[in-house]
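Dear colleague,

I am passing on a structure for you to look over, and my notes on it follow below the display. Please read them alongside the sequence and the model.

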Amino acid sequence: MSYKVRSLRVDEWPQAKALRLEALRDPVAPIAFMETYESAVARPDSFWRERAEGGAEGASGAQQIIAEGPDGEWVGTVTVLMEEAGTSDWAGMPVERLQGHLVGVYVQPGHRGIGLTEVLFDAGLEWAWSRGAERVRLLVHEDNARALRAYRKAGFTETGVTTTLGPDKDERELELAVKRPESDR
């Protein structure tokens with residue numbers, strides 16, 4: 001695989017913005033992301049700069065990992081948020097242990113099915129383990145079959161925890177997680 005996977009750099013906020021806007025145009029975006037294209041495109045550049053600073057190389061609370069294709073084009077991303085025990089996460093769920101939370105997972109359609117999601121996840125997991133995370137989790141809409149397949153293939157398993165995040169209380173988000181390997185403790 002001739003892809004380069006690495007952490008975002010602060011000055012790359014325009015590319016991060018462009019990739020996020022592209023992700024929000026994906027057909028599954030309404031169930032995959034907690035944001036619309038319309039709301040994201042209306043945000044000022046200062047928002048995108050601050051977002052990049054918070055998840056760039058060297059940041060401690062979050063890390064955005066990007067994948068560059070063979071031609072240097074950004075083709076995928078995932079962000080890892082660190083969550084401290086005794087707090088609540090961005091969705092209001094209690095956090096019981098130091099853990100990572102994967103969000104903003106996106107791979108361009110032409111680069112799917114080749115293992116790139118797993119490589120992005122491996123980089124995100126490595127970053128979370130290096131910060132002492134006991135596990136890394138994610139939430140996925142129960143109807144997002146493509147994402148569920150990819151997450152299971154990457155080693156994530158359902159924890160039995162479910163929540164509702166959107167306005168439709170009949171739609172569920174499933175929590176999947178992977179525990180820190182004994183060899184990384």
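Ser7 touches Glu57, Gln63, Gln64 and Ile65, where residues up to four places away in sequence are not counted and contact means heavy atoms within 4.5 Å. This is a predicted model, in which local features need pLDDT of at least 70 and side-chain atom pairs count only at pLDDT 80 or more, while totals for chains, interfaces and linings use all residues. Residues are numbered from 1 along each chain as its sequence is written, and side-chain values use heavy atoms, with hydrogens and water left out.

To stay with Ser7, this residue lies in strand β1 (residues 4–7), helices (H or I, at least four residues) and strands (E, at least two) being DSSP runs that are numbered from the N terminus. Ser7 counts as buried because its relative accessibility is 17%, given that buried means under 20% relative accessible area, exposed over 50% and partly exposed in between, with a 1.4 Å probe and protein chains only. The side chains of Ser7 and Gln63 are joined by a polar contact of 2.6 Å; such a contact is a pair of N or O atoms within 3.5 Å, where within protein one must be able to donate a hydrogen and the other to accept it, and residues adjacent in sequence count only if both atoms are side-chain atoms.

Ile65, one of the residues that Ser7 touches, is found in strand β2 (residues 62–68) and is buried, with a relative accessible area of 3%. Leaving aside neighbours within four places in sequence, Ile65 is in contact with Val5, Arg6, Ser7, Gly76, Thr77, Val78, Leu120, Ala123 and Gly124.

Ala123, from that list, lies in helix α5 and is partly exposed, at a relative accessible area of 23%. With neighbours within four places in sequence again set aside, Ala123 is in contact with Val5 and Ile65. Although Ala123 and Arg6 are 117 residues apart in sequence, they are 7.6 Å apart in space, C-alpha to C-alpha.

Helix α5 itself (residues 116–130) has 15 residues and reaches 21 Å from its first C-alpha to its last, close to the 21 Å expected at 1.5 Å a residue, the expected span being 1.5 Å times one less than the number of residues. Among the buried residues of α5 are Leu116, Leu120, Phe121, Trp127 and Trp129. Just after α5, Gly132 takes a positive phi of about 90°.

I also looked at how two helices pack. Helix α1 (residues 13–23) and helix α4 (residues 45–55) pack at an angle of about 105°, with their axes 9 Å apart; axes are lines fitted to C-alpha atoms, for helices over the stretch in contact, and angles run from 0 to 180 degrees between N-to-C directions. That angle makes α1 roughly perpendicular to α4, since angles of 65 to 115 degrees count as roughly perpendicular, under 35 as roughly parallel, over 145 as roughly antiparallel and the rest as oblique. Trp13, Lys17, Arg20 and Leu21 of α1 make the contact with Asp45, Trp48, Arg49, Arg51 and Ala52 of α4.

Within α4, Trp48 counts as buried at 3% relative accessibility. Neighbours within four places in sequence aside, Trp48 is in contact with Trp13, Lys17, Arg20, Leu21, Ala40 and Arg43.

Lastly, Asp143 is placed in the loop between β5 (135–141) and α6 (145–153), and at 53% relative accessibility Asp143 counts as exposed. Asp143 and His101 are 42 residues apart in sequence and 20 Å apart in space, C-alpha to C-alpha.
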